[in-house]
Amino acid sequence: MVRKYALYLLRWQLSTPILALVLIVLSDMDTILATVVANLAGGLIFFWVDRFIFRSLSANPLWEIKDDVTCSDCGAGGRGYRIAEWMGYNRKQDKNPQFRCERCKDVKMTEVRGRVKGNCG
């Protein structure tokens, strides 16, 4: 979180000269209108920068847990787990989710970890 905050503060400082240039170009315009236009220009630019800074790349997966399911790997019944979202892996909208028992979920997590690190690191 400290890294994100530092990037955000750096981004904030970089926005100052850009917005100042817009205000200089619009200097013959009404002050309030020029400020509104400069802020809109800044929003158009820095929305994407902020989105990059604050994107969620959690080290921990988002799990979905259900009772009374059948493990898709070994067929055991009981509580089931599945990784719904983790870094670039997103199965939240999966129409046919595959749940795994306690033992098989660890195997699947290792498999997904390898793919996620390969895509994001």
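Strands S2 and S3 run antiparallel, and two bridges join them. This model is predicted, not determined by experiment. We begin with the sheet and then turn to the helices.

**The sheet**

How many strands form the open sheet, and in what order? Three strands form it, in the order S1-S2-S3, with antiparallel pairing.

Some of the bridge partners are listed here.

| Residue | Bridge partner in S2 |
|---|---|
| Leu 62 | Glu 85 |
| Val 69 | Gly 78 |
| Thr 70 | Gly 77 |

Now look at the turns. Six residues lie between S1 and S2, which form a hairpin. Gly 75 sits in that turn, with a positive phi of about 85°. S2 and S3 form a hairpin too, with two residues between the strands. Here Met 87 takes a positive phi near 50°. Trp 86 stands opposite Tyr 89 in S3.

In a regular strand, side chains alternate between the two faces of the sheet.

**The helix pair**

At what angle do helices H1 and H2 pack? H1 (residues 2-25) packs against H2 (residues 31-53) at about 150°. Their axes are 10 Å apart. Angles over 145 degrees count as roughly antiparallel, which means that H1 is roughly antiparallel to H2. The crossing of H1 past H2 is right-handed.

Which kinds of residue make up this contact? They divide into 14 nonpolar, four polar and three charged. On the H1 side, the contact includes Lys 4, Leu 7, Tyr 8, Arg 11 and Leu 14. On the H2 side, it includes Ile 45, Phe 46, Val 49, Asp 50 and Ile 53.

Take one residue as an example. Leu 19 lies in H1. Leaving aside residues up to four places away in sequence, Leu 19 touches Ala 38, Asn 39 and Gly 42. How far is Leu 19 from Arg 100? The two are 81 residues apart in sequence. In space, they are 52 Å apart, C-alpha to C-alpha.

The protein chain has an average pLDDT of 85. Of its residues, 92% score at least 70. Where is confidence highest, and where is it lowest? Strand S1 (residues 62-70) is highest, at a mean of 92. Helix H3 (residues 102-120) is lowest, at a mean of 75. Where pLDDT is low, predicted coordinates should not be read in detail.

Notes. Residues numbered from 1 in each chain as written. Predicted model: local features only at pLDDT ≥ 70, side-chain atom pairs only at ≥ 80, totals over all residues. Heavy atoms only, no water. Axes fitted to C-alpha atoms, helices over the stretch in contact; angles between N-to-C directions. Helix = DSSP H or I, 4+ residues; strand = E, 2+ residues; numbered from the N terminus. Parallel < 35°, antiparallel > 145°, perpendicular 65-115°, else oblique. Left-handed = near helix turned anticlockwise from the far one by under 90°. Contact = heavy atoms within 4.5 Å. Nonpolar A, V, L, I, M, F, W, Y, C, P; charged D, E, K, R; others polar. pLDDT = per-residue confidence, 0-100. Pairing = 2+ DSSP bridges.
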